[in-house]
Amino acid sequence: MIKSRTICATVVLLGATLATAAVPAVAAPPAAATACPTGWGSGDKAAGAATTESVRNVRTGRHDCYDRMVVDVPGAARGDLGYSVRYVDRLHQDGSGRHIPVSGGAILEVRVTAPAYDPGTGAVTYPARAGRPLPGVDLTGYRTFRDARFAGSFEGDTQLGLGVRGRLPFRVQQLDGRLVIDVAHTWTGAAR
């Protein structure tokens, strides 16, 4: 009885193995490579406009090709949101000239022509402290961003320091209610 069961089980397993071997393997299609933009450059970028609407928040996000910083200025129209974004050797606070240390291989100085306070009352609208990391911003796991510091808000401009891995291409976009800064992961245009 045991011998016939063993023989039957062996025949069933052998048949299943032969049937599987007879079916050709189909290779999975290769994963599509993400094409990343490459034409942003790393030169200074600016737009001359100003708003009395106030900075309310700064947030960041990770994407396949770049890391993103968003400065929220609710109520500001796209054309009224001026900025200056450029690489600097050291970040110096407006007004005092005080050096604000920023970690990373390169430093982007981000100036937004919007105050981080209410111009009518002087009340703070973005609760950041000069020289300190940006509140609520955690850069753990980012490929490009290394540090984000608040330099201050002086005479209607808000100044931030963004530490990045190296001097990489970046772009700036003005949108209604926000300024968007994207810093590429590489110069090559390929996601990794």
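1. Which side chain is joined to that of Arg-149 by a polar contact of 3.1 Å? The partner is the side chain of Asp-147, where a polar contact is a pair of N or O atoms within 3.5 Å, one able to donate a hydrogen and the other to accept it within protein, and residues adjacent in sequence count only if both atoms are side-chain atoms. A polar atom of the Arg-149 side chain also lies 3.0 Å from the backbone oxygen of Gly-131.

2. Some remarks on the basis of these values come next. This is a predicted model, in which local features need pLDDT of at least 70 and side-chain atom pairs count only at pLDDT 80 or more, while totals for chains, interfaces and linings use all residues. Residues are numbered from 1 along each chain as its sequence is written, and side-chain values use heavy atoms, with hydrogens and water left out.

3. The chain holds 1 helix and 11 strands, and from the N terminus on the order is α-β-β-β-β-β-β-β-β-β-β-β; helices (H or I, at least four residues) and strands (E, at least two) are DSSP runs, numbered from the N terminus. Of the 192 residues, 41% are buried, with buried meaning under 20% relative accessible area, exposed over 50% and partly exposed in between (1.4 Å probe, protein chains only). Among contacts (heavy atoms within 4.5 Å) between residues at least 6 apart in sequence, 67% join residues at least 24 apart.

4. Returning to Arg-149, this residue lies in strand β8 and is buried, with a relative accessible area of 19%. Leaving aside neighbours within four places in sequence, its contacts include Ile-100, Pro-101, Val-102, Leu-134 and Leu-160. Pro-101, placed in the loop between β6 (99–100) and β7, is in contact with both Asp-147 and Arg-149 when neighbours within four places are set aside. The C-alpha atoms of Pro-101 and Asp-147 are 9.7 Å apart in space, although the two residues are 46 apart in sequence.

5. A search of the whole structure finds 1 disulfide (a pair of cysteine sulfur atoms within 2.5 Å), and this link joins Cys-36 to Cys-65 with an S to S distance of 2.0 Å. Cys-36 lies in the loop between α1 (2–22) and β1 (45–47), and Cys-65 in the loop between β2 (57–62) and β3 (66–72), so the pair ties together parts that are 29 residues apart in sequence. The link is left-handed, with -75° about the S-S bond, and both Cys-36 and Cys-65 are buried.

6. The largest nonpolar core has 34 residues, of which Met-69, Val-71, Leu-134, Ile-181 and Val-183 touch the most other members; such a core is a set of buried Ala, Val, Leu, Ile, Met, Phe, Trp, Tyr and Cys residues joined through side-chain atoms within 4.5 Å. Strands that each supply at least two residues include β3, β4 (83–88) and β8 (145–154), while the largest share, 4 residues, comes from β7. A second, separate core of 6 residues includes Val-88, Leu-91, Ile-107 and Ala-151. Not counting residues up to four places away in sequence, Val-183 touches, among others, Trp-40, Tyr-66, Leu-108, Phe-145 and Phe-170.

7. Strands β10 and β11 run antiparallel and are joined by 6 bridges, and two strands pair if DSSP finds at least two bridges between them. They form a hairpin with 2 residues between them, and Gly-177 in the turn has a positive phi of about 80°. The bridge partner of Leu-175 is Arg-178, in β11.
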